[in-house]
Structures are given as structure tokens and as C-alpha cells.
Amino acid sequence: MTSASSGNSSAAVPFRQDARTIGLVGLAHGSSHFFHMLLPPLFPWLIAEFGFSYSELGVLVSVFFVISGVGQALSGFLVDRVGARPIMFFALSSFAASGLVAGTAQGYGGLVVAAALAGLGNAPFHPVDFTILNKRVSPQRLGHGFAVHGISGNLGWATAPVFMAGIATATGSWRTASLCGAAFALLVLAIMVINRDALDDRQGEWAHQAKGAASAQAAKPEHPMAFLKLPSVWLCFSFFFWSTCALSAIQSFASPALQSMYGLPLSLTAMVVTGYMLCGAGGMVVGGFLVGRVQRLEKVISVCLLGSAALLALVATGLLPGMAALVVASIAGLGTGLAGPSRDMLIKRAAPPGATGRVYGTVYSGLDLGFCLAAPVFGAMLDRGMTSGIFFGSAATLALSVVSAAFVGVGLAARMARPAAVVG
């Protein structure tokens, strides 16, 4: 009786209500990815004004991801304790402060502070976003919510370079571009505050939380750190680490690698990142429909990511014509996009009741660690002329992420089968 009523209540949720929450979370998530790229598009202007080296500027990126990674793991606990919405408001305020500090920086120290503030703002977004989605969006539309969440991140990455470099070029001032970035964060914050009722994660828990709450009442209270003993949490962490290593290689080094291997101009090979992201966004749209129809999500993830790995390995062979290699490398983003919503749903199923924020915070810190560690490794490969290693390495790390996802799926299948065995 209880399950039927909960199912009917979720079915009665208006589409407009779910769409509003999904759209707001998507906009907030897109802004977080936008601020990944607050400073990198401005590096040429910073070099011209201050005489910094690319190595010095690369440290700014490391500062961002170190603070974001550590903060992401810790912020999950805070989200579970005080709620996701106030943490989202704080994060967007940090982005605005980052843009203001960058726009008024008088030297390297100011830019370090700007990078640190941006990393602090980025840290809580995954536990915030997924807590709101899991609690506010009805189960039958949750896959679409995950898809929009992933697409918005890709669009944030794609928009920032055009926005920042475009304003700096048009005005002749990188400071104006930074201040416009701050204004963008304030605009997004205002939209979230105005629509704060749709982001209240303390309201409207659906059937998948209700079941968890019932089982949690029956079980004895656990220590807040107990979830760290779950193998599925660390397998999900490793999945994010390996898959992000591949993304880092493509984002940072695919363009010069294609130029070196295939003799294409940089103006053309630079399109590979945009193509990869757009194909990823398209894949996420389809993946949002797919996730609600498949029980064994790890199989979807495996097929999609192994397909992407195969395409990247093909590019690495150097056997393709130049333009074909660029197109094939871009299409590889389709598989990673298709796998995205299934990946997020797999993590949701692996999270114990009441620990959504903590699990997402810990798991997604693997993303920051992947960005932080992969770039120096792949950069060193490129410095040593190992251009094919950029694509072979990306393919290998995607394959390793598939192994992690497969183990998560096996663990979940065993956990679901256990009650059935007891009943029998």
C-alpha cells in the first residue's frame, strides 16, 4: 500500500515543477564549470602584462583543483548537515568574489587568491546539485535531470573561453573580462535566490528517499564516516579519477597532439575540444532517456566508454587522414556523454540512505584529483614527443574506469539479491 501511494504521488508531480528544479540546478552547475575557465583564457593577456611563464600560470590551475578537491570531499558532510541550498548560495558568492579579486589583482598573489576563491566556490557543487536533484525531482524524471546536469557542465566549459577571451579582445582589458565574470556569477545567484523554493532540499522527498528513511529507522544509527567503509564509494571514486584523466588529456593536449601527428593547423585542431564537448552533450541527451530503461547501468557505461576508448586508440595509430582523425576524436565524446547519466544514477544507487551529500562529495573529488594529476603526466609525454600517447593514454584510462564501474555494478547486484535470498 505504501509503495503504491508513493508511486502515485511521484507520478502526480507536475512536469513544470520538476523542469524548474532541473533547469535551475543545470544553470548553477554550468556556472561552476564556467569558473573552471575563469583564468586560463586570459593567460596570454596576463603574460603580456606581468611577464608570467606558462608554468607559473599552470600553478593557478593546480591551486583551483587542489582546493576544489579537498573542499568537495568535506562539503558533502556540510550539505548533509545544513542543507544544499545555503551552500549553493555561498558557492556562487565565492565565484563573484573570485572575479572581483581577479579583476583588481596587482600581481601573482592576487591571482592565486582569485584561483583559490574559484576553487572554494566549485568545491560543493556536486554534493549540492545531486542532493537537490535526488530530493526534489520525481524518480521517473531523475535520469533527465542527470542528463541536463551533465550537459550544462559541458556548455559551461564551452562558453567560458568565448566569453572571457571575447570580452578581453573587444575591450582590450582582461580586467574587464574578469569583472564581467563576477557580474555573471551575481546574476546566477540572483536567479537562484528568486527561485529558492524550487531548490529547497528539505522539502519534497520522493519514494527513493522514503524507502531509505524507513530502512534507516529500522537500523541502528551509524557513524557519519561509516560510508567510507563501503567499497562501492571508493570504486566510484576511482571511476571518476580514471575517466577524468582521459578528459584532462583531451581538453589540454588533444589539439597540439593532432597538430604534431597529422600536420593540421592549430586553428583547426583547437576545434577538437569543442567537438568532443558538443558530442558529449548530445550523448547526454540520449543517455537521459536510456538511464530509466536499463537496470544494469554498468553495462551501459562499459559499452559507451569502451567505444570511446576504441575511437581514441584508432586516432592514436596515426593511420587516419588528418580531418578524419579530428572528427573521430570528437565523436569519442559521444560515448562519454551517453555514459554520463547512467554513471550518476549508479552512484545514487550506491549511496546509503542519508549520506547523499557525503558520498557525492567524496566520489566527485576523484574528478578534481584526476584533473590535478593527469595534466602534468600527459604534458610530460607531449614534451618528450610521445604524441600518440595522449590518445592511447586516454583510451587506457577510460578502460580502467570501466573496470571500476563493473565492480560497482557487481556489488550493487549482490546487495539487491541478498534480501531475495533471505526471503527464499
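Let's start with N154: is this residue buried or exposed? N154 is buried, because its relative accessible area is 9%, and the cut-off for buried is under 20%. Keep in mind that we are looking at a predicted model. You'll find N154 in helix α8, which covers residues 142–171.

So who are its partners? Setting aside residues up to four places away in sequence, N154 touches M277, G280, A281 and M284. With M277 there is also a polar pairing: a polar atom of the N154 side chain lies 3.0 Å from the backbone oxygen of M277.

Now for the nonpolar core. The largest one has 109 residues, and M192, V315 and F391 have the most contacts inside it. Helix α11, residues 231–262, gives the most to this core, with 15 residues. If you click on F391, look for its contacts beyond four places in sequence, including I250, A254, A257, L258 and M261. V315 is also one of the residues in contact with F391.

Next, the salt bridges. How many are there? The count comes to 3.

Take R141 and D18. Their closest N and O atoms are 2.7 Å apart. R141 sits in the loop between α7 and α8, while D18 belongs to helix α2, so this pair ties together parts that are 123 residues apart in sequence. And both partners are buried: R141 has 18% relative accessibility, and D18 has 0%.

Then we have R20 and D197, whose side chains meet at 2.8 Å, N to O. This pair links distant parts of the chain, with R20 in helix α2 and D197 in the loop between α9 and α10, 177 residues apart. Here R20 counts as partly exposed at 34%, and D197 is partly exposed too, at 42%.

That leaves R175 and E49, with a distance of 3.3 Å, N to O. R175 is in helix α9 and E49 in helix α3, so they tie together parts 126 residues apart in sequence. E49 is partly exposed, with a relative accessible area of 43%.

In soluble globular proteins, nonpolar side chains tend to be buried together. Still, this model has a nonpolar surface patch of about 510 Å², made by V66, I67, V70, L74, F90 and L120. Which helix gives the largest share of the patch? That is helix α4, residues 54–82, with 4 residues. F90 comes from helix α5, and F90 is partly exposed, with a relative accessible area of 44%.

Technical notes: Residues are numbered from 1 along each chain as its sequence is written. This is a predicted model: local features need pLDDT of at least 70, side-chain atom pairs count only at pLDDT 80 or more; totals for chains, interfaces and linings use all residues. Side-chain values use heavy atoms; hydrogens and water are left out. Patches are made of residues with over 30% relative accessible area and no salt bridge: like charges are joined within 9 Å, nonpolar side chains (Val, Leu, Ile, Met, Phe, Trp, Tyr) within 5 Å. Accessible areas come from the Shrake-Rupley method with a 1.4 Å probe; for residues, only the protein chains shown count as cover. A salt bridge is a side-chain nitrogen of Lys or Arg within 4 Å of a carboxyl oxygen of Asp or Glu. Helices (H or I, at least four residues) and strands (E, at least two) are DSSP runs, numbered from the N terminus. Buried means under 20% relative accessible area, exposed over 50%, partly exposed in between (1.4 Å probe, protein chains only). A polar contact is a pair of N or O atoms within 3.5 Å; within protein, one must be able to donate a hydrogen and the other to accept it, and residues adjacent in sequence count only if both atoms are side-chain atoms. Contact means heavy atoms within 4.5 Å. A nonpolar core is a set of buried Ala, Val, Leu, Ile, Met, Phe, Trp, Tyr and Cys residues joined through side-chain atoms within 4.5 Å.
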